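Student: I would like to go through the labels used for this model and ask what each one rests on.
Tutor: Go ahead; each label will be set against its cut-off.

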Amino acid sequence: MPNTPEQDPRVYFAAERTFLAWIRTGLGLMGVGFAVARFGLFLRQMQASQAHGPIQQPGISVLSGTAIVALGVVVLIASVVQHLVLIRELSTGTWIPGRSSRNAIVLASLLALVGIAMAIYLLIIR
């Protein structure tokens, strides 16, 4: 008699790999957000040192970088919740195969919107 998905350890290992992939995604977003924010600060420092003037207020790069870091934190928290729910469903036998990942769809949609906003911004400031 074959193992049911809830009893097959490979299913738990797959869930663990998926959880680790979400962790990498969250950390990657946080790293990119940090780099975006710091690059904006670097550009303002360079401008201020060349003009010998005061440093301007935080620009769009600091705000967008901070937003991307916050998105990475949200991804990490959501991945923990999703993993705990999945493990509980597998343990109790209530897991339903074939469901799409709502978190992945939401993240991809948000990143697409961020990309569109960045493209529009870059076209405006040419």
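**Labels and their grounds**

Student: Why is Tyr 121 called partly exposed?
Tutor: The model is predicted, and in it Tyr 121 has a relative accessibility of 37%. Buried means under 20% and exposed means over 50%, with partly exposed in between. Tyr 121 at 37% is therefore partly exposed.

Student: Where is Tyr 121 found?
Tutor: Tyr 121 lies in helix α3.

Student: Which helix supplies the largest share of the nonpolar patch?
Tutor: Helix α3, residues 102–125, supplies 9 residues of the patch.

Student: Why is His 83 called buried?
Tutor: The relative accessible area of His 83 is 11%. The cut-off for buried is under 20%, so His 83 qualifies at 11%.

Student: Which residues does His 83 touch, leaving out those up to four places away in sequence?
Tutor: His 83 touches Ala 15, Glu 16 and Phe 19. His 83 itself sits in helix α2, residues 60–92.

Student: Which residues make up the largest nonpolar core?
Tutor: That core has 6 residues: Trp 22, Leu 29, Ile 68, Leu 71, Val 75 and Leu 107. Two or more residues each come from α1 (9–51) and α2. The most, 3 residues, come from α2.

Student: What makes this set a core?
Tutor: Core residues must be buried and joined through side-chain atoms within 4.5 Å.

Student: What does Leu 107 touch, again not counting residues up to four places away?
Tutor: Leu 107 touches Trp 22, Thr 25, Leu 29, Leu 71 and Val 75.

Student: How much of the protein chain counts as buried?
Tutor: Of its 126 residues, 18% count as buried. The chain exposes about 9100 Å², and carbon and sulfur atoms supply 71% of that area.

Student: How do you know which pattern the protein chain follows?
Tutor: The secondary structure comes to 3 helices and 0 strands, and along the sequence the pattern reads α-α-α. Among contacts with a separation of 6 or more, 75% join residues 24 or more positions apart.

How values were computed. Residues are numbered from 1 along each chain as its sequence is written. This is a predicted model: local features need pLDDT of at least 70, side-chain atom pairs count only at pLDDT 80 or more; totals for chains, interfaces and linings use all residues. Side-chain values use heavy atoms; hydrogens and water are left out. Helices (H or I, at least four residues) and strands (E, at least two) are DSSP runs, numbered from the N terminus. Buried means under 20% relative accessible area, exposed over 50%, partly exposed in between (1.4 Å probe, protein chains only). Contact means heavy atoms within 4.5 Å. Accessible areas come from the Shrake-Rupley method with a 1.4 Å probe; for residues, only the protein chains shown count as cover.
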